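Trainee: I'd like to learn how to read a structure like this one, feature by feature. Could you take me through it?

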Amino acid sequence: MIVSTAVKDPLGRPPVLLMAPAVLATLLLVVPLVAMVAATDWAGLPEQLRSEPLREALWLSLLTSTVAMLLCLVLGLPLAWLLARVDFRARGVVRALVTVPLVLPPVVAGVALRTAFGRSGVLGEPLLELTGFGLPFTTWGVVLAHVFVSMPFVVIAIEGALRSADPEYDAAAATLGASRWTTFRRVTVPLAMPGIIAGMVLGWARSLGEFGATITFNGNYPGTTQTMPTLIYVTRQSDQDAALALSLVMLVVSIVVLLALRDRWLGTP
Amino acid sequence: MSLVGRSLTALVLVLPLAGCGGDTEGGGGELTVLAAASLTDAYESLAGQFESDDDVDVTFSFGSSTDLAEQAADGAPGDVLATADETSMQVPEDAGVAGEVTAFATNVLVIVTPPDNPAGIESLDELDGATWVRCADEVPCGRVAQAILQDNGVTAEPASLEDDVRATLDKVTSGEADAGLVYASDAVAAGDDVATVEIPGAEEQLTSYFVTTLAQSEDADLAQDWVDLVTSEAGRQSLEDAGFTLP
């Protein structure tokens, strides 16, 4: 945190009452991560990084998060558009409902998913009987859990972006004879693109960290359902050093994502 | 500094302390027991008796033995620690916070299925092709399961390796898995929600439970009373009722 003192701010010095908590907040967020890096056994790190479970879990995490992100886009963008642009009676209720998973404890999300899509769930049981396919314990089950927890982030971020784009442009396109679909494609989406991308990255990052719903709904099996957070959680039971090394990998991946977004978040003065 | 400023500062200074109030009270008539999750039912029934006999409040922290042992070694507030394996108990012993360690119960692995046993599982061999679950190799119940499967030459792969035995049980009681490998005491705890199939030879791979008093206990006598109760005739009866076997 750099506070410029060279140029005298015409508004006066930042008050201590704001500076102290701000510094405290920064420390609170940074110290644990620094401590984790410091506690990592660097000598054993290369061996940990080469381990089969790590590679499998990292690949599965990246794969499921990406698939979930694409599903969130395909389903979430239209929903965000509906909430931002179409005036319908239940709009407030729908918006409230789709944000619920945002505040739900992930384990509750897992229980809810199981009740609906589990092998003896309301929808899961007929599905199993008809097709022989059950979602739990499969990679698709992981994707489903990710979509469930990430979609609200994506919808809310994209809806915000659509709202801040002036609807007058939509209206102008309409007066020039564009259908609503053409307007959506050629005007609305391009204007909101930065917000849409931010929403997708947010959703992707949320999926990458998803743990509670995934382990409750899908359990843990290497190569099929064991994502990085699950692997770290299970490894911690027997080998703290290995768990730290895996955590470091997650930290690095998270930082890389943030760097990719630096123009949006870190780049603001 | 303005009045608002001063009261805000005071608030900021006091707030962190408010959260700590509970820890400093301590003292007479309170016992905190850190115990392996599988002991939940047996210990809770013993607590009722203990509370009425000694006029104390017993508080439990149930969890994975590994977690609890590490917390105890780190000085977590607690009077007694009970683990489901010897390896975990070694952690507080090495940290010098454990008192005398007593083995007080054993547990045997069984197969549980949903009550109607949809996959018709009557033995380990029939797990092949079914959707079944067991504990991960990293936790005690997983190591026992692995050993038993190996002893019996079973190569069937589970659908999931769960983080602890109650999570394994949960996958069966919720109907997600056709079968699971859990302790006999978990099968008893689940009652009518599961059907139990015994595993011949499972008694070769018993899980042993250990209990000790902790150095950070504020009432060492009370902590010892709990250990005495667990190893008493009444304690043994409660454990047996809960599905444990006795050493």
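Trainee: Let's start with contacts. Which residues does G180(B) touch, leaving out those up to four places away in sequence?

Mentor: This is a predicted model, so keep that in mind throughout. The partners of G180(B) are V112(B), W132(B), V133(B), R134(B), T168(B), L169(B), K171(B) and V172(B), with residues up to four places away not counted. G180(B) itself sits in strand β8 of chain B, which covers residues 179-183.

Trainee: And is G180(B) buried or exposed?

Mentor: Count the neighbours. A residue is called buried once 20 or more other C-beta atoms lie within 10 Å of its own. G180(B) has 34 of them within 10 Å, so it is buried. For a sense of distance, I148(B) is 32 residues away from G180(B) in sequence, and their C-alpha atoms are 13 Å apart in space.

Trainee: How do I place that in the whole of chain B?

Mentor: Chain B contains ten helices and ten strands. Of its 247 residues, 46% are buried. Look at contacts between residues at least 6 apart in sequence: in chain B, 76% of them join residues at least 24 apart.

Trainee: How is chain B divided into domains?

Mentor: The domain assignment gives domain 1 as 30-106 + 208-241, and domain 2 as 109-205. Taken over C-alpha atoms, the centres of these two domains of chain B are 26 Å apart. Where they meet, nine residues of domain 1 contact nine residues of domain 2. On the domain 1 side, the elements giving two or more residues are α3 (40-54) and α4 (65-73) of chain B. That side is made up of three nonpolar, four polar and two charged residues.

Trainee: Since α4 has come up, how do I describe the way two helices pack?

Mentor: Two packed helices are described by the angle between their axes and the distance between the axes. Here, α4(B) packs with α5(B), residues 86-94, at an angle of about 5°, and the axes are 8 Å apart. Angles under 35 degrees count as roughly parallel, so α4(B) and α5(B) are roughly parallel to each other.

Trainee: Which residues make that contact between α4(B) and α5(B)?

Mentor: From α4(B) you have S65(B), T66(B), A69(B), E70(B), A72(B) and A73(B), and they meet S88(B), M89(B), V91(B) and P92(B) of α5(B). By class, the contact has six nonpolar, three polar and one charged residues.

Trainee: Let's move to chain A. What is it built from?

Mentor: Chain A has twelve helices and zero strands. Its C-alpha trace spans about 70 × 65 × 30 Å along the principal axes. Of its 269 residues, 35% count as buried.

Trainee: How many residues of chain A contact chain B?

Mentor: 17 residues of chain A are in contact with 18 residues of chain B. On the chain A side, helix α11, residues 228-235, gives the most, with three residues. By class, that side has seven nonpolar, eight polar and two charged residues.

Trainee: How enclosed is α11(A)?

Mentor: Eight of its eight residues are buried, so α11(A) is largely enclosed by the rest of the structure. The cover over those residues includes α3 (52-85), α9 (180-209), α10 (212-218) and α12 (240-260) of chain A.

Notes: Residues numbered from 1 in each chain as written. Chains lettered and ligands numbered in written order. Predicted model: local features only at pLDDT ≥ 70, side-chain atom pairs only at ≥ 80, totals over all residues. Helix = DSSP H or I, 4+ residues; strand = E, 2+ residues; numbered from the N terminus. Buried ≥ 20, exposed ≤ 12 C-beta atoms within 10 Å, placed from the backbone. Contact = placed C-beta atoms within 7 Å. Domains from an automatic or database assignment. Nonpolar A, V, L, I, M, F, W, Y, C, P; charged D, E, K, R; others polar. Axes fitted to C-alpha atoms, helices over the stretch in contact; angles between N-to-C directions. Parallel < 35°, antiparallel > 145°, perpendicular 65-115°, else oblique.
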